Amino acid sequence: MASKAPQAYEVDVNELDGTPEQQAYMKDIIDQFTIDTDYLKQVRDHFMVEMKKGLDKEGSTVAMIPSYVEGRLTGKEEGHFLALDLGGTNLRVVLVTLEGQGKFKTVSSKSRVSEELKMGPMRNLCDYIAECVDTFLTEQGLEDQEIELNLGYTFSFPVLQTKINRGVLSTWTKGFACSGAVGKDPVLLLQDALLRKHVPVKVSALVNDTVGTLLSNAYNKPATLAGLILGTGANGAYIEKMKNIGKWKGGKTTSDEMIINMEFGAFDNERRILPLTRFDNKLDRESINPHAQLYEKMISGMYLGEITRNVLTDMIDRELLLKREENTSFAWSKEISRHWSFETAFMSNIEADNSKDFAYTKEILDTNLSLHDITTTEAKFIKKICELVGKRAARLAACSIAAIVQHCGAAEEGCDIGIDGSLYEFYPSFEDRMYEALSELMPEISDIRKTIRLGLAKDGSGVGAALTACVAARMENARASA
């Protein structure tokens with residue numbers, strides 16, 4: 001399934017009119033944000049070097065964390081598996097029934113996690129989760145299971161994983177601050193609560209959402225090599241041969257392959273290769289995590305609107321945009337001076353605009369940012385800047401895919417890449433622009449779309465987590481009979 005995004009309508013450089021100063025400025029911006037084929041290849045090559053470093057030693061910039069998920073899915077797996085997703089305001093419980101042949105059914109329920117639970121003792125939160133699971137199983141008529149159901153737990157907080165179902169919480173994020181949890185194993189804490197309530201469920205896997213994305217794609221596409229998240233944030237996971245994981249100290253495995261959670265948002269924090277502009281530096285400097293996650297800041301939905309806003313406010317400061325002879329006050333453009341006020345969603349809508357005289361672009365700016373009398377020339381500039389930032393993100397994101405494919409030597413036989421996230425799914429022409437970059441990065445492949453098959457992988461934290469529980473059960477059986 002391809003992304004559902006509309007087409008982007010690009011602004012022809014030759015149509016950018018305006019004063020000589022405006023034209024000179026736009027030419028400079030186009031040069032700064034355009035990445036040619038040779039530079040893309042350098043980014044990809046550096047990415048491959050960093051992957052190797054991360055596989056060989058701990059503490060590398062691209063962390064390359066072994067997920068303890070061994071082997072691949074065949075698509076023939078069957079049975080009931082549960083998934084639990086705790087990562088924010090809601091707690092979701094999902095029952096996934098695998099029917100073989102890559103087919104599955106899901107039912108789920110959502111419950112709200114109150115502020116009180118987020119701040120109170122961890123025992124209370126775990127008791128609440130166990131209660132939600134118990135209620136859900138009763139609703140599904142599964143409360144009297146003879147055999148324990150295997151559950152995959154998507155616990156979206158920084159965890160140092162030590163086994164497929166073991167880990168240590170290093171710190172809380174996203175507004176959670178439960179006492180008695182940091183430094184402890186979230187799996188054991190939840191398992192204790194389930195036992196106290198006599199819920200017939202075994203927490204058999206601790207799941208990273210990127211790993212889940214890979215598996216949810218792999219169930220009906222067994223040739224899946226990688227799973228990516230390109231949404232608010234960015235990350236990737238792929239299947240690696242055990243012999244290439246130099247830092248592995250986990251002993252004998254049940255398979256010669258394991259999924260690696262790359263944590264690639266931190267790629268090039270050292271600033272060696274990424275084509276950073278002063279607008280990226282400003283965003284980084286003013287972010288809550290300066291000098292961290294640089295690659296993520298250039299390719300993910302949380303940041304693209306702010307990079308665009310930085311360019312627009314620079315133009316305003318230089319009196320190259322919104323300058324009005326009769327109106328010396330900038331009060332009517334105050335909105336755009338606010339951090340994060342220019343959302344990536346506005347870029348999406350502006351990129352999809354093919355109206356006459358950019359009427360839709362003007363309407364978006366008017367409605368959302370109180371920019372009331374934008375001229376057609378200005379609308380054209382703004383649309384072009386959105387295009388430059390959006391296109392650069394897609395091209396840089398493609399470097400990670402090319403690096404994974406070439407590192408694994410998968411270019412010849414081809415592979416599937418599952419991608420989840422709002423940017424990939426909804427941003428105009430994001431997928432097309434990635435393919436364009438991939439064909440430049442791998443000119444030896446004659447039909448890039450048939451060979452490197454990008455596709456939307458939905459619900460890594462639900463279906464993917466249940467499939468991780470399925471793999472965990474298979475690994476346990478293999479160890480028991482070894």
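I took a pocket to be an open set of points on a 1 Å grid over the protein atoms alone, with protein on both sides within 12 Å along at least five of seven lines, and counted as lining any residue with an atom within 4 Å of a point.

The model is predicted, with local features requiring pLDDT of at least 70 and side-chain atom pairs pLDDT 80 or more, while totals for chains, interfaces and linings use all residues. Residues are numbered from 1 along each chain as its sequence is written, and side-chain values use heavy atoms, without hydrogens and water.

**Entry: second largest pocket**

I looked up the second largest pocket and found 16 lining residues, with K163, I164, N165, M475 and R479 nearest its centre. Its space is about 300 Å³, a volume being the space filled by probe spheres set on grid points joined across faces, edges and corners. Helix 16 (460–480) is among the elements that supply at least two lining residues each, as are strand 1 (65–70), strand 6 (159–163) and strand 8 (201–207); helices (H or I, at least four residues) and strands (E, at least two) are DSSP runs numbered from the N terminus. Helix 16 gives the largest share, 4 residues. I sorted the lining into 5 nonpolar, 5 polar and 6 charged residues.

**Entry: largest cavity**

I searched the whole structure and found 1 cavity of 30 Å³ or more, a cavity being a set of points where a 1.4 Å probe fits but cannot get out. The largest cavity has a volume of about 40 Å³. Among its lining residues I noted G71, R72, L73, P222 and I259. Helix 6 (residues 209–218) contributes the most to this lining, 3 residues. By class the lining has 7 nonpolar, 2 polar and 1 charged residues.

**Entry: helix 2 and helix 12**

I recorded that the axes of helix 2 (residues 37–56) and helix 12 (residues 376–407) come within 8 Å and cross at roughly 55°. Helix 2 is therefore oblique to helix 12; the term covers angles that are not under 35 degrees (roughly parallel), over 145 (roughly antiparallel) or 65 to 115 (roughly perpendicular). I noted contact residues (heavy atoms within 4.5 Å) including L40, F47 and M51 of helix 2 and L396, C399 and I404 of helix 12. The contact has 11 nonpolar, 4 polar and 2 charged residues.

**Entry: helix 7 and helix 9**

I found that the axes of helix 7 (residues 278–286) and helix 9 (residues 301–317) cross at roughly 120° and come within 9 Å. Their contact residues include R278 and D280 of helix 7 and E306 and R309 of helix 9. I counted 5 nonpolar, 1 polar and 6 charged residues there.

Notes: Axes fitted to C-alpha atoms, helices over the stretch in contact; angles between N-to-C directions. Nonpolar A, V, L, I, M, F, W, Y, C, P; charged D, E, K, R; others polar.
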